[in-house]
Amino acid sequence: MPRITIEPFAHSYECEDAESVLEGALRHNLLLRYGCKHGGCGTCKVRLVDGDVDEHGSSFALTDEDRAEDLILACASVPLEDCVVDVSPTELSEDEFHSGDTSRPYDTVVESVETLTTDIAAVRLRIIGDRMPFVAGQFVNVEIPGSRLVRTFSLANCPADDDRIELIVKLYPDGAFSQFLRSDAVPGTGVRVHGPYGQLKMRLSHRPVLMIAGGSGLAPLLSMLRDCATQGFDRPVTVFFGARTEADLYLVEEITSIGERLRGFAFHPVLSQSWGPDWPGGTGLVTDAIARWSPTLAHDVYLCGPPPMIDAAVPMLTAAGVRPRNIYFDAFTPAAQTVPA
Amino acid sequence: MSSNLTALHEKTKSYDWDYTSVTPRPKFETKYKLPKKGKDPFRVLIRDYMKMEAEKDDRTHGFLDGAVRMREQGRAEPRFNEIMKPVLPVLTNAEYQAVAGCGMIISAIDNQELRQGYAAQMLDEVRHAQLEMSLRNYYVKNSPDPAGWDIGQRSMYLHPAAQATIGEFQHFNTGDPLDCIVALNIVVETAYTNILLVANPQVAVANGDNALASVMMSIQSDEARHMANGYGSIMMLLAEEDNVPILNKSLDRHFWHSHRLFDLLVGFASEYGARVRPWSYKNQWEEWVVDDFVGGFIERLSEFGVRPPSRLAAAANDVAWGHHTIAQVLGAIWPLNFWRSDALGPADFAWFENNYPGWSAIYQPFWEGYRTLADPAVGRLMLQELPGLPPICQVCQMPCVLPRLDCNEARIVALDGKNYALCSEGCEWIFANWPEAYRHRKQFWERYHGWDLADVIVDIGGIRPDGRTLIGQPMLDMERLWTIDDIRAIGYEIRNPLAG
């Protein structure tokens, strides 16, 4: 059986045949950071220092730059021989590593499902029993009742409200979770949630903050904004929110209201498809609107939205002066998950 | 480590007892509450540690031996070699003060786990000092111009800028011993040694000095252990809630003071002492100090109440300009330097403007004028172009011209009828909170008030063995070198700006 050595902690364990690097660690009560467990979210990116692995499944979570730096996904990599893996990219502390997995299932009930736009809904769940401590920016895996399918959603509520879960969900005509929300999610319906996962979070620094949201991607940024307002955040925050039409924008009043509690806050809704003659906000692609707003940037940037938006934004931001390390995002994950073992 | 040795290792840490017949009087008082138990951050048996360090020493000395035979030093960029003349003695002093600091910390902490870690760190610091002395020995014997290398340690106590380094490193072993940990292990080791000992070797290699890179990398390989000592210590302190506010205050103090020293002098040395610059200091600072130290180390501690340094934004603003201003000052006082300075040229101007937009308008005219005055035949010094000497900050010992001459934040504060100059709000805050730590520090201009510059140069040993030529020179390539007679002919008198 191949032996995995985890650096920088110089700790090793054995993987069974066909067991991924992540599965082996969890079986030995060790924690490696993970999220979706199927190669979608990129939370478990680690560096393969030595050895060889079989990388199964399709994954867009690894960029070409990641591969050039020998990053692999621990959840989707089965060792073919003894390997040395450096978990520094996940910022895991040694205490966390040895403490094992602290994410777990939570039983919740539906409190409300509120339609925000024609294809976006806010889902509010109340946790039964223990509260779920989390950091603004993290996500959860939600079991779709009556199936073995799981969907991944960022938490939109403030971490101070850790007895509940608020999700912002894009509704698809044939989506399994969308069907559940339309037909069965009456208040009181039980829903099992696993989490919290993910490393997206506000970073300490001196830089002003730029948030860029697209579509239903407002959720983690909304959680951050709510947290900022609660904590008395003291750096300037600017939010760009891209949507197709004015009808596709949502929670604008709440964002504006949060902004009144923050220092140096600015909110720029941007419409890409159509807008009326009196539309006071930005128009075109959200990336173009940012470039018009400021040709040079020295911000911490948090993004959440469809992959094409992120793909367009990252080079634009770095060209404007943002350090690549200061651009933070979780890509959307494809819906191909099943209930965790 | 075998299981028997591991058990033995654990047992050695339990050689401890509580006093029952007397009340122990601590040798060094601390305001912090210290829990009895901590966590051994070292986790290596001393004999394994010795073997590992001996191997690293062998490699480094082996490299230096080979470098002599390969005439390596002849390939190093002279500008870089010159700037190392002040840098290395400063570093050695830091190591020495850290040795003393570790002893003080061991005496103060009644916690065997951490004592084990600091005992090993003390050995590390001794090893580093020895390696740096070996490197200086190598430079003295092999540098094209050894003048200055031979008197570095002595000059460090005499040169005006060196006072700043002494002031900073005294924090390693004065005052509250737990504050010494904040200064040494938390701020200097964790926030700044990566810039100093990982990023700077890149500059060294880019400028042909592989010897310096080899020694610095060997030293840096120990620093992770010292960071672990700091982390273990701070986690011990955070177990007591009452420690949190005083820890945050200490972090504010030492972050600002270390920012003043490292960001100004390391920034100056790495950019103005290089011809090839692989990165800008500002970018390295954002990487190591902001994103790694604040965004990583401090962030992990924030759930326990540790705050990021409250003057982080002010430091970020100064990092863009401060070391350029210090380069001006060190250029203007070149006759006092124990290294040869160099004038910037068109390639330097382009690099600085590209990496620090706006640099040309502020600093380029100075360097053009500097080059004009470099010839001793002109018979004039840049010092004579200034309206007066800048006052020196009573806290950080830097000139009060920061971040830039045109927008400096200098201020004068009176205490018990005496005026003190301070360079910034941060240093004013430190002075107000810990006046006794700083008020008695002597000032260079005060010491030499009324002296002729030539006499000052003689007094601090700035003359070459021929008895006439200055060690400090304004440029590397000159037809004729400045002599003490050239300086005496100018007749420049030192005037303490704070004298009535």
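Modeller: One convention before we go in: Lys and Arg count as positive, Asp and Glu as negative, and His and the chain ends are left out. A charge is placed at NZ of Lys, CZ of Arg, CG of Asp or CD of Glu. This is a predicted model, where local features need pLDDT of at least 70, side-chain atom pairs need 80 or more, and totals for chains, interfaces and linings use all residues. Residues are numbered from 1 along each chain as its sequence is written, chains are lettered from A and ligands numbered from 1 in the order written, and side-chain values use heavy atoms, without hydrogens or water.

The C-alpha atoms of chain A occupy a box of roughly 65 × 50 × 35 Å along the principal axes. Of its 341 residues, 54% are buried (under 20% relative accessible area; exposed is over 50%, partly exposed in between, with a 1.4 Å probe and protein chains only).

Chain B is built from 19 helices and two strands. Its radius of gyration is 23 Å, close to the 23 Å that the globule rule gives for 500 residues, so chain B is as compact as a globular protein of that length (the radius is taken over C-alpha atoms, and the rule is 2.2 Å times the number of residues to the power 0.38). Buried residues make up 59% of the 500 in chain B, and its C-alpha box is roughly 75 × 60 × 45 Å along the principal axes. Chain B carries 49 positive and 64 negative side chains, with the two centres 3 Å apart.

Now the packed inside. The largest nonpolar core has 150 residues, and B:Trp285 and B:Trp367 have the most contacts inside it. Helix α7 of chain B, residues 177–206, gives the largest share of this core, at 16 residues. A core here is a set of buried Ala, Val, Leu, Ile, Met, Phe, Trp, Tyr and Cys residues joined through side-chain atoms within 4.5 Å. A second, separate core has 36 residues, among them A:Met211, A:Ala229, A:Trp279 and A:Tyr328.

Beyond neighbours within four places in sequence, B:Gln284 contacts B:Ile195, B:Ala199, B:Trp279 and B:Val289.

For contrast, look at B:Pro465, in the loop between α18 (453–459) and α19 (484–490) of chain B. With 86% relative accessibility, B:Pro465 counts as exposed.

Note on methods:
Helix = DSSP H or I, 4+ residues; strand = E, 2+ residues; numbered from the N terminus. Contact = heavy atoms within 4.5 Å.
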